[in-house]
Amino acid sequence: MARVTKNREVNDEMKTKLVNLLKNIFQFEDRDLDFGIYRIMNQKRDDIRNFIEKELIEKIAEQLELVGEEQKKEITKELEELKTKVIEAYTKEAFENGELKDEFAELPLGKKYTEVLKQLESIKISKDLEREIYNHIYSFFSRYYDKGDFLSQRRYTHKGNERYAIPYDGEEVLLHWANKDQYYIKSTLNFQKYSFKSNGLNVIFRIVNAEEEKANIKSDQNRYFVVHVKKLYEFEGNTLNIYFEYRPLTDPEKNKRKFGKKTQIDQRDIDEYNYGFLKSKLDNEQKAKDLYKLENGKTILEKNLYKYTTSNKADYFIHRDLEGFLRRELDFYLKNEVLKLEDLETNDMQKKLLKAKVIRSISDKIINFLSQIENFQKKIWEKKKFVITTDYVITLDKIIEYGGKNFYNEIIKEIIENIEQIKEWKDLFSIEVKDNESLSAKLKDKNKQYLKLPIDTKHFDEEFKFILLESVTKDKSLDAVIDGVLIKSENYHALNLLSRKYDEQVMCIYIDPPYNTGSDEFLFKDNYQHSSWVSMISDRLKLARNLLSKEGSIFINCDDNEVGRLTLLMDSIFDEENFITTIIWEKVHTRKNSAKYFSVSHDYIPCFAKEKPKWKRILLPREDTSAYSNPDNDPKGPWKVDPVYANNPYDVDYEIVKPNGVRLNPPEGKYWRFSKETFEKKVKQGEVIWGKGDSYPLVKRYLSEVQPGLVPITLFDRKFAGDNSYAAREFRDMFGRVGLISYPKPSKLVERLAQITTNNNDVILDFFAGSGTTAHAVMKLNKNDKGNRKFILVEMAEYFDTLMMPRIKKVGYSFDWKDGKPIATNGLGMFCKYHHFEQYEDALENVEFEQRKIEEFSDYFMKYMLDFGTRGSNTFLNIGKMEDPLNYKLKILETVGKPTKTVTIDLAETFNYLIGLKVSKIRMIKKDGRKYVIVIGIVDGENTLVVWRSLKNLDFKKDKETIEKFKDEFETDEVYINGDAAVKGFHQIENTLKSLLWD
């Protein structure tokens, strides 16, 4: 009896252990969080709990009963076979009323029959088997789960040896990493929103003056979450806002050991300080008393404080095929851990097969549900994101050039009277507007000092923006006159949305991703530093490759930490046959004597072509021709001299006789540079300088006859391409102060790369744009060679608004700055488009559940709960809310530390990207009390018209007349219209848009 009780206790313990593991996997500890995937899962928390605690346990019991039935079936079969053998060996009279007579029970076959009969009568599932099954299910899922992710950790454990197995398909060289089958998701800090609920109180952690790091903004100072002492907390009804700063520690904080006496301070030390300080201030707040209730040894506030700081300092992943991965690994586990090869020779093989069957059946249920959650997140991640806003920056001279003087004169008064625009001019260009009349006079007179001033349409209303676009594209295509596109977005989402429009349109890609030093801003899972980095860069390179022209090339800035893995990765994505070279760039010219090993003075820039046979490097212009001169007024122009001999052997053998009679043969180990005939011809043409005595003659080389440029070399020294100090000086001159960013790249470096690889009208892409160096470089290069190259920049951090946009506006105005002020007005002017894109976190924020279930689907909960239950969400384009598509709204995590904001998004621009529309014109008209937004452009060579309007109270007859007028005016071949229309042969926008979001 004692043993039975003990077995029951052990098995109950295993059940509890498995249930707790599954609760951890399904993140039950985060049940109080109220954002992102947590908010979504919390809406189904009760269903998930029921599945884990009840349905799954019942399913295991049911499967165990089935094992018993299977065993009974097998033994019954064996018993029937023995009965037949007894009858054949003895007599059919050996059985009476189906039972073996006593006189036959002691015979050999009778004894065997009796043993099997007793086995059948006593069969039941042992507690040991039940415990084994629980233990195997627990072992399998705990093996692969790691803090929110399932990672590849296949290992052999036969005879106590642990070795990891790598999937291998017979490649000569295989680049494999732990997260290869996963999307790297975490690429910025989640400052936007962290909220949890505690007994009716909604607690939100907010950031004040966050100094966020992102992408290639590399800092040499660690940053920490520190409670904001002056503005610690405030109550707004049932909401408690707690404020933090994200910043480096000050010297006084370090010197006074404010956060502990350790030499190396980490975030945990500061968390202890944060919690103690918060508790001391909140102790008297009755509304906050529940925050100090204990859960697993920590108070609710302490637990969430730690989770907030750690989650912002860690990455996470979404598996591309979690179901396939776990099923493959389960097969491997069953064959390696449950069924071993040597088991084939044992008598209990059937029992082990049944055990494996139960483990598989139960694990399949768990895998189904896990993969539903993972696939749902994958679906949201892969969805092409909506364009939230679209605005334009255009300089006044471009308004005149494209829109004409009359239009300029019509709108200049409205520009001058825009207070926000005038303030921006003062902030960026130190132009003080004392009175509008004075400025107006100068602008109307086309004063050169002011014509490079940019206006930003974000400061104006929608009508102004559309009037501007109509006027500047009156005689030109919009995409043709746009100098650059700037996108605030996570770069994977940006590249994904750009994929159709810019397919094979980019000539040069330059990126400067995080270097992954282990102490920089790149976030990685413990023990997966390199794997996380390779996953992050891999996904983005695959998308970028599709944008690259067949004649194009890509350059990636990197240091020693990842250059080896990066090159192997590029081999696999771009093909090793397309490797061009690795440039060595001298980024530092001073020796660092405090370096532990070597003072590093260079970075690497691997270069790959899309298709190497089609790639043509461009010669660098000869910037220094001082070696050439023409002292003798040679009619062929400037020249310099070369020796008559060379190191390379030529098949020539002759003697040179100088005019003074000296006979010469090549010096030892040298060879004549020319054939005898060629040399004699040069003598006749006066191209040989004989020299005195027995000196060797020299031969003229004419500047007019040499190659028109220089072949670039792989060593980019600081004189040729700038260095870190050059870049820092650029920023100091342009913004008047240092410390805005650490280790920026010099514009001269990117200018050189673009100079070697691009011509007029080519497109340059940078999707780790940081402070906008690439745009600066492209504008400088266009200035120097009168080119018209275009740039596409992607950046997701606040630097987009605070650094990149101001820098580009400044460069458009002037290339020469000092102490933050322009010292010339020699910019090219510009016309740029810029967007903010929806992000993964925004998409999660707009997911809502429908209340109804599809009960007739037996596996609804396991397979369809998330996908079917959320399909009406705005995230996935709710067609039911498309009656007024120009007013389609989403909740957006727009500003660091602020609540979500409901905004009207730009569906028209989203659709342009999705169908790959090269935009010629955009018009907004109001007809019969209805607003129409009309887009005209080209898709796959076809003239295309896209029409957007509200469907409320639509008069189809008048609507048709309006649309037909535009069709005739622009001679369009294809027409897209939202909703219903009386126009023949049109494509409905909604269904096309919805399908292309996942195409």
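The structure holds 40 aromatic pairs. It is a predicted model.

| Pair | Centre to centre | Angle between planes | Class |
|---|---|---|---|
| F196 and F205 | 5.7 Å | 70° | edge-to-face |
| F767 and F768 | 5.6 Å | 45° | tilted |

Take F196 and F205. Their planes stand 70° apart, and an angle over 60 degrees counts as edge-to-face. The cut-off for buried is under 20%.

Now F767 and F768. Their planes are 45° apart, which makes the pair tilted. Both residues are buried.

Aromatic residues also group. One cluster is formed by Y645, Y654, W672, F679, W690 and Y696.

Lysines meet rings as well. K83 lies over the face of F95, with 5.0 Å to the ring centre. K810 places its charged end over the ring of F735, at 5.3 Å from the centre.

Next, the strands. An open sheet is built from three strands, ordered β23-β29-β28, with antiparallel pairing. Which strands are at the edges? They are β23 (639-643) and β28 (688-689), and each pairs on one side only. Strand β29 covers residues 698-702. How many bridges join β23 to β29? Five do, and the two strands run antiparallel.

Terms used:
Residues numbered from 1 in each chain as written. Predicted model: local features only at pLDDT ≥ 70, side-chain atom pairs only at ≥ 80, totals over all residues. Heavy atoms only, no water. Phe/Tyr/Trp six-rings, centres within 6.5 Å; stacked < 30°, edge-to-face > 60°. Buried < 20%, exposed > 50% of the residue type's maximum accessible area, 1.4 Å probe, protein only. Lys NZ or Arg CZ within 6 Å of the ring centre and 35° of its normal. Pairing = 2+ DSSP bridges. Helix = DSSP H or I, 4+ residues; strand = E, 2+ residues; numbered from the N terminus.
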